[in-house]
Amino acid sequence: LDQFILGRKTALSGNINITSDYFNLSSLNTANDTIKDNENNFRMPNVNLDLNIEAKKIEGGFGSIDHLIINGNLDHDTLNINNMTFDYQEGKIVSSLIIQLNQHDTPQIKRGKIDAQFNQLNIDELGNTSGNGNDSTKTGFIPQNIDLELALSIKNGIISGREFKNLGMNVNFSKGDIKIKKLSTELLNGNLSITSEIKYNSEGIWFIQAEGNAMFPYLSVRELLNDFHKKEFSPDRPRKVPKIPEVVDINLHIDIDSLLYGSRMFNDIHTGVKISKDEIDIEDFSIDLNEGLGHIDLQVVDYLLHEPGIAGNIDLIIDSANVQTFYETMGGFSSNEKHREEKIAHTIPKYIDIDLNLNARYLQYQNLVVENLNLSSSMTDGILSIKYINFNTSGGYVEFSGLCLQNEDKTMSGHFYSTGTKMSINPLINSFSNTEISDGSHGKIEGLLSYEAEGLFQMDSLLN
(Lines give C-alpha, C1' and ligand atoms only; values in the text may rest on other atoms or scores of the structure.)
Protein backbone atom coordinates (compact mmCIF):
# COMPACT_ATOMS: atom_id res chain seq x y z
CA LEU A 1 0.00 0.00 0.00
CA ASP A 2 2.82 2.45 0.84
CA GLN A 3 4.53 1.78 -2.51
CA PHE A 4 1.21 2.49 -4.30
CA ILE A 5 0.72 5.73 -2.37
CA LEU A 6 4.26 6.86 -3.18
CA GLY A 7 3.62 6.10 -6.85
CA ARG A 8 6.20 3.32 -7.12
CA LYS A 9 3.48 0.83 -8.04
CA THR A 10 0.66 1.49 -10.52
CA ALA A 11 -1.67 -1.27 -9.28
CA LEU A 12 -2.98 -2.30 -5.91
CA SER A 13 -4.53 -5.61 -4.91
CA GLY A 14 -5.44 -7.24 -1.62
CA ASN A 15 -8.31 -7.04 0.83
CA ILE A 16 -9.75 -4.51 3.24
CA ASN A 17 -11.61 -5.46 6.41
CA ILE A 18 -13.41 -2.71 8.34
CA THR A 19 -15.22 -3.17 11.63
CA SER A 20 -16.95 -0.29 13.38
CA ASP A 21 -19.27 0.10 16.35
CA TYR A 22 -20.55 3.50 15.21
CA PHE A 23 -20.16 5.71 12.15
CA ASN A 24 -21.79 9.04 11.22
CA LEU A 25 -22.02 9.71 7.48
CA SER A 26 -22.03 13.46 8.02
CA SER A 27 -18.28 13.15 8.56
CA LEU A 28 -17.98 12.37 4.84
CA ASN A 29 -19.09 15.88 3.86
CA THR A 30 -15.57 17.29 4.18
CA ALA A 31 -14.15 14.46 2.12
CA ASN A 32 -16.80 14.90 -0.56
CA ASP A 33 -16.06 18.62 -0.78
CA THR A 34 -12.35 17.89 -1.18
CA ILE A 35 -13.03 15.46 -4.03
CA LYS A 36 -15.32 17.98 -5.77
CA ASP A 37 -12.68 20.70 -5.48
CA ASN A 38 -10.09 18.44 -7.11
CA GLU A 39 -12.32 16.41 -9.45
CA ASN A 40 -10.47 17.59 -12.58
CA ASN A 41 -7.26 16.04 -11.23
CA PHE A 42 -8.91 12.95 -9.80
CA ARG A 43 -8.30 9.61 -11.54
CA MET A 44 -9.70 6.23 -10.63
CA PRO A 45 -6.84 4.12 -9.22
CA ASN A 46 -5.93 0.75 -10.69
CA VAL A 47 -7.03 -1.42 -7.78
CA ASN A 48 -8.45 -4.87 -7.16
CA LEU A 49 -9.54 -5.16 -3.55
CA ASP A 50 -11.82 -7.51 -1.67
CA LEU A 51 -14.02 -5.61 0.79
CA ASN A 52 -15.52 -6.84 4.05
CA ILE A 53 -17.28 -4.20 6.13
CA GLU A 54 -19.22 -4.58 9.37
CA ALA A 55 -20.79 -1.76 11.37
CA LYS A 56 -23.11 -2.01 14.34
CA LYS A 57 -24.71 1.41 13.78
CA ILE A 58 -24.57 4.05 11.04
CA GLU A 59 -26.37 7.39 11.18
CA GLY A 60 -27.24 9.82 8.39
CA GLY A 61 -30.01 12.04 7.05
CA PHE A 62 -32.22 8.96 6.57
CA GLY A 63 -32.04 8.00 10.26
CA SER A 64 -29.93 5.12 11.50
CA ILE A 65 -29.24 1.61 10.24
CA ASP A 66 -27.96 -1.29 12.33
CA HIS A 67 -25.90 -4.43 11.79
CA LEU A 68 -24.50 -3.46 8.39
CA ILE A 69 -22.59 -6.21 6.57
CA ILE A 70 -21.00 -5.69 3.14
CA ASN A 71 -19.05 -8.32 1.19
CA GLY A 72 -17.73 -7.28 -2.18
CA ASN A 73 -14.91 -6.35 -4.47
CA LEU A 74 -13.55 -3.10 -5.91
CA ASP A 75 -12.11 -3.74 -9.38
CA HIS A 76 -10.72 -0.46 -10.74
CA ASP A 77 -13.90 1.56 -11.44
CA THR A 78 -16.44 -1.17 -10.65
CA LEU A 79 -17.74 -1.90 -7.18
CA ASN A 80 -19.24 -5.38 -6.95
CA ILE A 81 -21.35 -5.77 -3.81
CA ASN A 82 -22.10 -9.47 -3.63
CA ASN A 83 -24.07 -9.10 -0.43
CA MET A 84 -25.16 -6.13 1.64
CA THR A 85 -27.54 -6.54 4.57
CA PHE A 86 -28.64 -4.18 7.32
CA ASP A 87 -31.54 -3.50 9.67
CA TYR A 88 -33.63 -0.35 9.35
CA GLN A 89 -36.46 0.51 11.75
CA GLU A 90 -38.22 -2.86 12.17
CA GLY A 91 -37.06 -4.45 8.95
CA LYS A 92 -34.17 -6.03 7.06
CA ILE A 93 -32.74 -5.10 3.66
CA VAL A 94 -30.78 -7.61 1.59
CA SER A 95 -29.16 -6.47 -1.66
CA SER A 96 -26.57 -7.17 -4.33
CA LEU A 97 -25.27 -4.37 -6.54
CA ILE A 98 -22.82 -3.68 -9.35
CA ILE A 99 -21.90 0.01 -9.24
CA GLN A 100 -19.93 1.87 -11.91
CA LEU A 101 -17.70 4.54 -10.35
CA ASN A 102 -17.43 7.33 -12.89
CA GLN A 103 -14.70 9.93 -12.87
CA HIS A 104 -16.78 13.05 -13.46
CA ASP A 105 -20.31 11.79 -12.81
CA THR A 106 -22.38 10.20 -10.08
CA PRO A 107 -21.99 6.44 -9.59
CA GLN A 108 -24.23 4.31 -11.78
CA ILE A 109 -25.97 1.15 -10.57
CA LYS A 110 -25.41 -1.07 -13.60
CA ARG A 111 -27.32 -3.95 -12.07
CA GLY A 112 -28.86 -4.52 -8.69
CA LYS A 113 -31.43 -6.29 -6.60
CA ILE A 114 -32.90 -5.16 -3.31
CA ASP A 115 -35.24 -7.19 -1.13
CA ALA A 116 -36.67 -5.17 1.77
CA GLN A 117 -39.02 -6.68 4.32
CA PHE A 118 -40.45 -4.68 7.20
CA ASN A 119 -42.64 -5.61 10.10
CA GLN A 120 -43.04 -1.86 10.81
CA LEU A 121 -41.94 1.12 8.70
CA ASN A 122 -42.70 4.82 9.20
CA ILE A 123 -42.10 6.35 5.78
CA ASP A 124 -42.50 9.83 7.27
CA GLU A 125 -39.17 9.29 9.07
CA LEU A 126 -37.19 8.61 5.89
CA GLY A 127 -36.19 12.27 5.65
CA ASN A 128 -37.13 15.06 3.30
CA THR A 129 -37.20 13.47 -0.14
CA SER A 130 -40.14 15.34 -1.60
CA GLY A 131 -38.20 17.92 -3.59
CA ASN A 132 -38.48 21.66 -3.36
CA GLY A 133 -41.62 23.77 -3.10
CA ASN A 134 -44.74 22.70 -4.90
CA ASP A 135 -43.02 21.04 -7.86
CA SER A 136 -44.37 17.52 -7.56
CA THR A 137 -42.35 16.37 -10.59
CA LYS A 138 -38.91 16.73 -8.95
CA THR A 139 -36.98 13.46 -8.59
CA GLY A 140 -33.72 14.60 -7.05
CA PHE A 141 -33.83 11.63 -4.68
CA ILE A 142 -33.85 9.10 -7.60
CA PRO A 143 -30.50 8.60 -9.39
CA GLN A 144 -30.58 9.09 -13.14
CA ASN A 145 -28.19 6.23 -13.87
CA ILE A 146 -29.79 3.24 -12.24
CA ASP A 147 -30.76 -0.30 -13.21
CA LEU A 148 -32.36 -1.93 -10.21
CA GLU A 149 -35.01 -4.43 -9.14
CA LEU A 150 -36.78 -3.73 -5.84
CA ALA A 151 -39.05 -6.07 -3.91
CA LEU A 152 -40.66 -4.41 -0.89
CA SER A 153 -43.04 -5.76 1.73
CA ILE A 154 -44.37 -3.90 4.77
CA LYS A 155 -46.71 -5.50 7.29
CA ASN A 156 -47.51 -2.27 9.14
CA GLY A 157 -46.61 1.16 7.83
CA ILE A 158 -47.28 4.89 8.17
CA ILE A 159 -47.28 7.45 5.38
CA SER A 160 -48.40 11.08 5.83
CA GLY A 161 -49.67 10.07 9.26
CA ARG A 162 -52.00 7.44 7.78
CA GLU A 163 -51.61 3.77 8.67
CA PHE A 164 -51.49 1.05 6.02
CA LYS A 165 -50.98 -2.73 6.16
CA ASN A 166 -49.64 -5.62 4.11
CA LEU A 167 -47.99 -3.61 1.37
CA GLY A 168 -46.33 -5.59 -1.38
CA MET A 169 -44.52 -3.96 -4.27
CA ASN A 170 -42.26 -5.00 -7.15
CA VAL A 171 -40.48 -2.18 -8.99
CA ASN A 172 -37.95 -1.97 -11.82
CA PHE A 173 -35.73 1.13 -12.14
CA SER A 174 -34.00 1.45 -15.51
CA LYS A 175 -32.30 4.66 -16.63
CA GLY A 176 -35.11 7.14 -16.23
CA ASP A 177 -37.94 4.62 -16.25
CA ILE A 178 -39.76 3.22 -13.22
CA LYS A 179 -42.13 0.30 -13.71
CA ILE A 180 -44.30 -0.71 -10.77
CA LYS A 181 -45.25 -4.24 -11.75
CA LYS A 182 -47.51 -4.62 -8.78
CA LEU A 183 -48.40 -2.58 -5.73
CA SER A 184 -51.03 -3.82 -3.31
CA THR A 185 -51.85 -2.64 0.19
CA GLU A 186 -54.59 -2.29 2.79
CA LEU A 187 -55.40 1.39 3.29
CA LEU A 188 -58.38 3.09 4.97
CA ASN A 189 -59.66 -0.38 5.90
CA GLY A 190 -59.82 -1.23 2.20
CA ASN A 191 -57.69 -2.79 -0.53
CA LEU A 192 -55.71 -0.91 -3.17
CA SER A 193 -53.84 -2.42 -6.15
CA ILE A 194 -51.90 -0.46 -8.78
CA THR A 195 -49.61 -1.03 -11.75
CA SER A 196 -47.75 1.99 -13.05
CA GLU A 197 -44.96 3.37 -15.19
CA ILE A 198 -43.13 6.62 -14.44
CA LYS A 199 -40.54 8.28 -16.67
CA TYR A 200 -38.22 11.04 -15.57
CA ASN A 201 -35.15 12.97 -16.64
CA SER A 202 -32.89 15.61 -15.12
CA GLU A 203 -35.81 18.07 -15.12
CA GLY A 204 -38.12 15.74 -13.19
CA ILE A 205 -41.05 13.43 -13.89
CA TRP A 206 -42.54 13.93 -17.36
CA PHE A 207 -44.69 10.78 -17.78
CA ILE A 208 -47.09 8.91 -15.46
CA GLN A 209 -49.28 5.99 -16.47
CA ALA A 210 -51.22 3.93 -13.95
CA GLU A 211 -54.05 1.40 -13.70
CA GLY A 212 -55.63 0.65 -10.35
CA ASN A 213 -58.50 -0.73 -8.35
CA ALA A 214 -59.67 0.35 -4.89
CA MET A 215 -62.27 -1.39 -2.76
CA PHE A 216 -63.41 -0.01 0.59
CA PRO A 217 -65.97 -1.72 2.84
CA TYR A 218 -66.45 1.57 4.73
CA LEU A 219 -65.35 5.20 4.43
CA SER A 220 -66.15 8.26 6.53
CA VAL A 221 -66.14 11.60 4.72
CA ARG A 222 -65.63 13.39 8.05
CA GLU A 223 -62.44 11.43 8.77
CA LEU A 224 -61.08 12.18 5.31
CA LEU A 225 -61.80 15.88 5.70
CA ASN A 226 -60.11 15.86 9.12
CA ASP A 227 -56.91 14.75 7.37
CA PHE A 228 -57.01 17.96 5.32
CA HIS A 229 -57.45 20.02 8.49
CA LYS A 230 -54.47 18.26 10.09
CA LYS A 231 -52.38 19.37 7.11
CA GLU A 232 -53.73 22.91 7.64
CA PHE A 233 -55.51 22.68 4.30
CA SER A 234 -57.91 25.48 3.48
CA PRO A 235 -59.71 25.97 0.16
CA ASP A 236 -59.61 29.74 0.74
CA ARG A 237 -55.88 29.86 1.35
CA PRO A 238 -53.82 31.08 -1.64
CA ARG A 239 -51.65 28.29 -2.93
CA LYS A 240 -49.24 27.69 -5.75
CA VAL A 241 -50.34 25.32 -8.47
CA PRO A 242 -47.89 22.40 -8.60
CA LYS A 243 -46.27 21.41 -11.87
CA ILE A 244 -47.93 18.46 -13.60
CA PRO A 245 -46.02 16.01 -15.85
CA GLU A 246 -46.48 16.47 -19.59
CA VAL A 247 -48.13 13.07 -19.96
CA VAL A 248 -50.61 11.79 -17.34
CA ASP A 249 -52.78 8.73 -17.97
CA ILE A 250 -54.31 7.33 -14.78
CA ASN A 251 -57.31 5.00 -14.71
CA LEU A 252 -58.88 3.92 -11.42
CA HIS A 253 -61.95 1.87 -10.56
CA ILE A 254 -63.38 2.50 -7.09
CA ASP A 255 -65.93 0.46 -5.14
CA ILE A 256 -67.24 1.59 -1.74
CA ASP A 257 -69.70 -0.61 0.13
CA SER A 258 -70.73 2.05 2.68
CA LEU A 259 -69.97 5.79 2.84
CA LEU A 260 -70.81 7.87 5.91
CA TYR A 261 -71.57 11.56 5.27
CA GLY A 262 -72.87 13.52 8.26
CA SER A 263 -75.08 10.95 9.95
CA ARG A 264 -76.29 9.46 6.67
CA MET A 265 -74.98 6.21 5.23
CA PHE A 266 -74.80 5.69 1.47
CA ASN A 267 -74.24 2.26 -0.05
CA ASP A 268 -72.99 0.47 -3.16
CA ILE A 269 -70.87 3.24 -4.66
CA HIS A 270 -69.09 2.41 -7.91
CA THR A 271 -67.19 4.69 -10.26
CA GLY A 272 -64.40 4.94 -12.79
CA VAL A 273 -61.93 7.81 -12.59
CA LYS A 274 -59.67 8.91 -15.45
CA ILE A 275 -56.99 11.52 -14.81
CA SER A 276 -55.00 13.30 -17.53
CA LYS A 277 -52.79 16.36 -17.39
CA ASP A 278 -55.68 18.78 -17.75
CA GLU A 279 -58.83 17.00 -16.59
CA ILE A 280 -60.44 14.40 -14.37
CA ASP A 281 -63.31 12.32 -15.72
CA ILE A 282 -65.69 10.68 -13.24
CA GLU A 283 -67.42 8.06 -15.33
CA ASP A 284 -70.51 6.02 -14.54
CA PHE A 285 -70.65 6.99 -10.86
CA SER A 286 -73.53 5.11 -9.23
CA ILE A 287 -74.78 5.27 -5.64
CA ASP A 288 -77.58 3.82 -3.52
CA LEU A 289 -79.15 6.81 -1.72
CA ASN A 290 -81.38 4.55 0.42
CA GLU A 291 -84.35 6.55 -0.87
CA GLY A 292 -83.33 5.86 -4.46
CA LEU A 293 -80.45 5.73 -6.91
CA GLY A 294 -78.00 8.30 -8.24
CA HIS A 295 -75.94 8.33 -11.42
CA ILE A 296 -73.28 10.92 -12.22
CA ASP A 297 -70.90 11.64 -15.10
CA LEU A 298 -68.57 14.61 -14.53
CA GLN A 299 -65.59 16.20 -16.20
CA VAL A 300 -63.32 18.49 -14.16
CA VAL A 301 -61.02 20.68 -16.29
CA ASP A 302 -57.93 22.46 -14.92
CA TYR A 303 -58.54 20.64 -11.65
CA LEU A 304 -55.65 22.27 -9.80
CA LEU A 305 -57.06 25.77 -10.13
CA HIS A 306 -59.14 27.37 -7.35
CA GLU A 307 -62.17 27.38 -9.66
CA PRO A 308 -61.83 24.39 -12.01
CA GLY A 309 -64.26 23.92 -14.88
CA ILE A 310 -66.90 21.31 -14.03
CA ALA A 311 -69.24 19.80 -16.62
CA GLY A 312 -71.46 16.74 -16.74
CA ASN A 313 -74.76 15.13 -15.86
CA ILE A 314 -76.41 14.22 -12.55
CA ASP A 315 -79.39 11.86 -12.67
CA LEU A 316 -81.34 10.99 -9.51
CA ILE A 317 -84.19 8.52 -9.18
CA ILE A 318 -85.96 8.70 -5.80
CA ASP A 319 -88.61 6.29 -4.61
CA SER A 320 -89.60 7.91 -1.30
CA ALA A 321 -87.83 10.53 0.81
CA ASN A 322 -88.40 13.02 3.61
CA VAL A 323 -86.57 16.12 2.44
CA GLN A 324 -86.16 17.65 5.91
CA THR A 325 -84.77 14.45 7.39
CA PHE A 326 -82.40 14.03 4.46
CA TYR A 327 -81.13 17.61 4.90
CA GLU A 328 -80.61 17.19 8.65
CA THR A 329 -78.69 13.91 8.31
CA MET A 330 -76.44 15.55 5.71
CA GLY A 331 -75.39 18.08 8.35
CA GLY A 332 -78.04 20.80 7.88
CA PHE A 333 -80.15 22.54 10.55
CA SER A 334 -83.43 21.00 11.64
CA SER A 335 -86.70 22.87 11.26
CA ASN A 336 -86.83 23.39 15.06
CA GLU A 337 -83.44 25.10 15.22
CA LYS A 338 -83.12 28.85 15.19
CA HIS A 339 -82.02 30.45 11.97
CA ARG A 340 -78.36 31.37 11.76
CA GLU A 341 -77.61 34.87 12.91
CA GLU A 342 -75.22 35.30 10.01
CA LYS A 343 -76.66 34.47 6.60
CA ILE A 344 -74.53 32.97 3.87
CA ALA A 345 -74.08 34.73 0.54
CA HIS A 346 -75.04 32.61 -2.47
CA THR A 347 -73.41 32.66 -5.88
CA ILE A 348 -74.03 30.96 -9.22
CA PRO A 349 -70.56 29.82 -10.37
CA LYS A 350 -69.66 30.58 -13.97
CA TYR A 351 -67.23 27.66 -14.20
CA ILE A 352 -69.96 25.00 -13.83
CA ASP A 353 -71.85 23.43 -16.75
CA ILE A 354 -74.07 20.69 -15.32
CA ASP A 355 -77.43 19.14 -16.17
CA LEU A 356 -79.49 17.85 -13.24
CA ASN A 357 -82.42 15.49 -13.74
CA LEU A 358 -84.60 14.22 -10.90
CA ASN A 359 -87.48 11.77 -10.83
CA ALA A 360 -89.21 11.13 -7.49
CA ARG A 361 -92.25 8.97 -6.76
CA TYR A 362 -92.91 10.48 -3.30
CA LEU A 363 -91.37 13.44 -1.47
CA GLN A 364 -92.39 15.00 1.82
CA TYR A 365 -91.30 18.31 3.34
CA GLN A 366 -92.95 18.87 6.73
CA ASN A 367 -96.66 18.55 5.85
CA LEU A 368 -96.26 19.04 2.10
CA VAL A 369 -96.45 15.86 0.01
CA VAL A 370 -95.30 15.80 -3.61
CA GLU A 371 -95.75 12.82 -5.90
CA ASN A 372 -94.51 11.87 -9.37
CA LEU A 373 -92.03 14.74 -9.52
CA ASN A 374 -89.99 15.30 -12.69
CA LEU A 375 -87.23 17.91 -12.80
CA SER A 376 -84.92 18.94 -15.62
CA SER A 377 -82.48 21.76 -14.88
CA SER A 378 -79.06 23.05 -15.82
CA MET A 379 -76.38 25.44 -14.61
CA THR A 380 -74.36 26.94 -17.45
CA ASP A 381 -72.14 30.02 -17.61
CA GLY A 382 -73.57 31.47 -14.40
CA ILE A 383 -77.23 30.89 -15.34
CA LEU A 384 -79.46 28.51 -13.38
CA SER A 385 -82.21 27.28 -15.70
CA ILE A 386 -85.17 25.12 -14.68
CA LYS A 387 -86.43 23.69 -17.94
CA TYR A 388 -89.39 22.12 -16.20
CA ILE A 389 -90.69 20.85 -12.87
CA ASN A 390 -93.99 19.02 -12.74
CA PHE A 391 -95.58 17.07 -9.90
CA ASN A 392 -98.85 16.08 -8.21
CA THR A 393 -99.82 17.57 -4.87
CA SER A 394 -103.10 17.97 -2.92
CA GLY A 395 -104.94 16.03 -5.61
CA GLY A 396 -103.85 18.43 -8.36
CA TYR A 397 -101.02 19.07 -10.79
CA VAL A 398 -98.28 21.78 -10.85
CA GLU A 399 -95.85 22.86 -13.57
CA PHE A 400 -93.00 25.34 -13.19
CA SER A 401 -90.16 26.71 -15.32
CA GLY A 402 -87.76 29.60 -14.95
CA LEU A 403 -84.21 30.86 -14.83
CA CYS A 404 -81.96 32.86 -12.50
CA LEU A 405 -78.69 34.66 -13.15
CA GLN A 406 -76.25 36.63 -11.03
CA ASN A 407 -75.52 40.22 -11.94
CA GLU A 408 -72.21 42.04 -11.72
CA ASP A 409 -73.26 43.62 -8.41
CA LYS A 410 -73.88 40.09 -6.96
CA THR A 411 -77.65 40.54 -6.98
CA MET A 412 -79.76 37.84 -8.62
CA SER A 413 -82.56 38.33 -11.10
CA GLY A 414 -84.75 35.96 -13.01
CA HIS A 415 -88.04 34.95 -14.57
CA PHE A 416 -90.56 32.20 -13.80
CA TYR A 417 -93.77 30.74 -15.20
CA SER A 418 -96.03 28.31 -13.32
CA THR A 419 -99.47 26.75 -13.56
CA GLY A 420 -101.49 24.68 -11.11
CA THR A 421 -104.74 22.80 -11.70
CA LYS A 422 -107.43 21.34 -9.47
CA MET A 423 -105.58 21.31 -6.14
CA SER A 424 -107.73 20.78 -3.04
CA ILE A 425 -107.53 24.01 -1.03
CA ASN A 426 -107.72 22.61 2.52
CA PRO A 427 -104.92 20.00 2.26
CA LEU A 428 -102.82 22.44 0.24
CA ILE A 429 -103.03 25.21 2.86
CA ASN A 430 -102.48 22.76 5.71
CA SER A 431 -99.34 21.55 3.97
CA PHE A 432 -97.67 24.81 5.04
CA SER A 433 -98.98 24.81 8.62
CA ASN A 434 -98.72 22.53 11.63
CA THR A 435 -102.36 23.34 12.55
CA GLU A 436 -105.47 22.79 10.49
CA ILE A 437 -106.95 25.96 8.97
CA SER A 438 -110.73 26.53 8.74
CA ASP A 439 -113.13 29.29 7.67
CA GLY A 440 -114.49 29.59 11.24
CA SER A 441 -117.96 28.27 10.46
CA HIS A 442 -117.89 25.07 8.48
CA GLY A 443 -114.66 23.65 10.02
CA LYS A 444 -112.77 23.28 6.71
CA ILE A 445 -112.14 25.30 3.56
CA GLU A 446 -113.51 23.34 0.65
CA GLY A 447 -112.83 23.83 -3.05
CA LEU A 448 -110.26 23.42 -5.80
CA LEU A 449 -107.48 25.81 -6.73
CA SER A 450 -106.14 26.42 -10.22
CA TYR A 451 -103.77 29.22 -11.17
CA GLU A 452 -101.41 30.62 -13.80
CA ALA A 453 -98.54 32.87 -12.72
CA GLU A 454 -95.62 34.57 -14.47
CA GLY A 455 -93.20 37.13 -13.19
CA LEU A 456 -89.80 38.70 -12.81
CA PHE A 457 -87.86 38.80 -9.56
CA GLN A 458 -84.70 40.29 -8.08
CA MET A 459 -82.95 39.56 -4.79
CA ASP A 460 -79.58 40.02 -3.18
CA SER A 461 -76.99 37.27 -2.63
CA LEU A 462 -78.53 36.57 0.81
CA LEU A 463 -81.74 35.66 -1.01
CA ASN A 464 -83.63 38.62 0.50
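The side chains of Asn251 and Glu211 are joined by a polar contact of 3.4 Å. A polar contact is a pair of N or O atoms within 3.5 Å; within protein, one must be able to donate a hydrogen and the other to accept it, and residues adjacent in sequence count only if both atoms are side-chain atoms.

This is a predicted model: local features need pLDDT of at least 70, side-chain atom pairs count only at pLDDT 80 or more, and totals for chains, interfaces and linings use all residues. Residues are numbered from 1 along each chain as its sequence is written, and side-chain values use heavy atoms, with hydrogens and water left out.

**Exercise 1.** Find the place of Asn251, then decide: buried or exposed?

*Solution.* 
- Step 1. Asn251 sits in strand β13 (residues 247–261). Strands (E, at least two residues) are DSSP runs, numbered from the N terminus.
- Step 2. Recall the cut-offs: buried is under 20% relative accessible area, exposed is over 50%, and partly exposed is in between (1.4 Å probe, protein chains only).
- Step 3. Asn251 has 16% relative accessibility, so Asn251 counts as buried.

**Exercise 2.** List the partners of Asn251.

*Solution.* 
- Step 1. Take the side chains. Asn251 makes a polar contact with Asp249, at 3.2 Å.
- Step 2. Asn251 is then in contact (heavy atoms within 4.5 Å) with Ala210, Glu211, Gly212, Val273 and Lys274.

**Exercise 3.** Which residue forms a salt bridge with Asp21, and why does the pair tie together separate parts of the sequence?

*Solution.* 
- Step 1. A salt bridge is a side-chain nitrogen of Lys or Arg within 4 Å of a carboxyl oxygen of Asp or Glu. The structure holds 7 of them.
- Step 2. The partner of Asp21 is Lys56; their closest N and O atoms are 3.6 Å apart.
- Step 3. Asp21 lies in the loop between β1 (12–20) and β2 (23–24), and Lys56 in strand β3 (residues 47–60), so the pair ties together parts 35 residues apart in sequence.
- Step 4. Asp21 is exposed at 55%. Lys56 is exposed at 54%.

**Exercise 4.** Describe the salt bridge of Lys175 and Asp147.

*Solution.* 
- Step 1. Their side chains meet at 4.0 Å, N to O.
- Step 2. Lys175 is in the loop between β9 (162–174) and β10 (177–187), and Asp147 is in strand β8 (residues 147–159); the pair links distant parts of the chain, 28 residues apart.
- Step 3. Lys175 counts as exposed at 51%. Asp147 is partly exposed at 28%.

Note on methods. Helices (H or I, at least four residues) and strands (E, at least two) are DSSP runs, numbered from the N terminus.
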